[in-house]
Amino acid sequence: MPAALTIAGSDSGGGAGIQADLKTFAAHGVYGTSAITALTAQNTIGVSGVHALPDDFVTAQIEAVVGDLGCDAVKTGM
């Protein structure tokens, strides 16, 4: 099964970001992995808060995933 890495923000409402990317990957038979760049407090009405993660931690997530599971494709977002 191909593996794809999404590098994006997390949408607490589930309609965008990492959550939507992982749903899309699964629907297409792709194993989804992720590196979260920011956490959001949001719903279908709007975004009420954003917390960006430090660059070194985003890098650590990417290295951990790619070093173990590999990566056939990358999708970027936030």
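Which residues of H1 are buried? They are Ile18, Ala20, Asp21 and Phe25, and the notes below show what lies over them. Keep in mind that this is a predicted model. The protein chain has two helices and four strands, and along the sequence they come in the pattern β-α-β-β-α-β.

**The chain as a whole**

- With 78 residues, a compact globule would have a radius of gyration near 12 Å, and the 13 Å of the protein chain agrees with that.
- Along its principal axes, the C-alpha trace spans about 35 × 30 × 15 Å.
- Of the 78 residues, 29% count as buried.
- Take the contacts between residues at least 6 apart in sequence: 63% of them join residues at least 24 apart.

**The sheet**

- The four strands make an open sheet, and they sit in the order S3-S2-S1-S4 with mixed pairing.
- At the edges you'll find strand S3 (47-52) and strand S4 (73-76), each of which pairs on one side only.
- From one strand to the next, the twist averages 25°.
- Strands of a sheet pair through backbone hydrogen bonds, and they can do that either parallel or antiparallel.
- S1 and strand S2 (residues 31-42) run parallel and are joined by eight bridges.
- To follow that pairing by eye, look for Ala3 opposite Tyr31 in S2, and for Ala8 opposite Ile36 in S2.
- S2 and S3 go the antiparallel way, with five bridges.
- Thr40 has Val50 in S3 as its bridge partner.
- S2 and S3 also form a hairpin, with four residues between them.

- How many of the eight residues of S1 are buried? Eight of the eight are, so S1 is largely enclosed by the rest of the structure.
- S3 is hardly covered, and the count of buried residues among its six is zero.

**Helix H1**

- Helix H1 (residues 17-27) packs on the sheet, where it touches S1, S2 and S4.
- The direction of H1 makes about 155° with that of S1.
- Back to the opening question: Ile18, Ala20, Asp21 and Phe25 are the buried residues of H1. They cover an arc of only 165° around the axis, which puts them on the same side of H1.
- An α-helix has 3.6 residues a turn, so residues three or four places apart point the same way.
- What lies over the buried residues of H1 includes S1, S2 and S4.
- After H1 comes Gly29, with a positive phi near 70°.

- H2 lies across S1 and S2, and it runs at about 160° to S2.
- Which residues make up the largest nonpolar core? There are six: Leu5, Ile7, Ala35, Leu53, Val58 and Val65.
- Strand S1 (3-10) and helix H2 (55-69) each supply at least two residues of this core.
- Leaving out residues up to four places away in sequence, Val65 touches Leu5, Thr33, Ser34 and Gly70.

- Is Thr37 buried or exposed? Thr37, which has its place in strand S2, is buried, with a relative accessible area of 15%.
- Not counting residues up to four places away in sequence, Thr37 touches Ile7, Ala8, Gly9, Ala52, Leu53, Val58 and Met78. Ile7, Leu53 and Val58 are also listed in the largest nonpolar core.
- Ala41 is in strand S2 too. With 35% relative accessibility, Ala41 counts as partly exposed, because that label applies between the 20% limit for buried and the 50% limit for exposed.
- Again setting aside residues up to four places away in sequence, Ala41 touches Ser12, Gly46, Val47, Ser48 and Gly49.
- Ala41 and Ile7 are 34 residues apart along the chain, and their C-alpha atoms are separated by 18 Å.

Terms used
Residues are numbered from 1 along each chain as its sequence is written. This is a predicted model: local features need pLDDT of at least 70, side-chain atom pairs count only at pLDDT 80 or more; totals for chains, interfaces and linings use all residues. Side-chain values use heavy atoms; hydrogens and water are left out. A nonpolar core is a set of buried Ala, Val, Leu, Ile, Met, Phe, Trp, Tyr and Cys residues joined through side-chain atoms within 4.5 Å. Buried means under 20% relative accessible area, exposed over 50%, partly exposed in between (1.4 Å probe, protein chains only). Contact means heavy atoms within 4.5 Å. Two strands pair if DSSP finds at least two bridges between them. Axes are lines fitted to C-alpha atoms, for helices over the stretch in contact, and angles run from 0 to 180 degrees between N-to-C directions. The arc is that of the directions from the helix axis to the C-beta atoms. The radius of gyration is taken over C-alpha atoms; the globule rule is 2.2 Å times the number of residues to the power 0.38.
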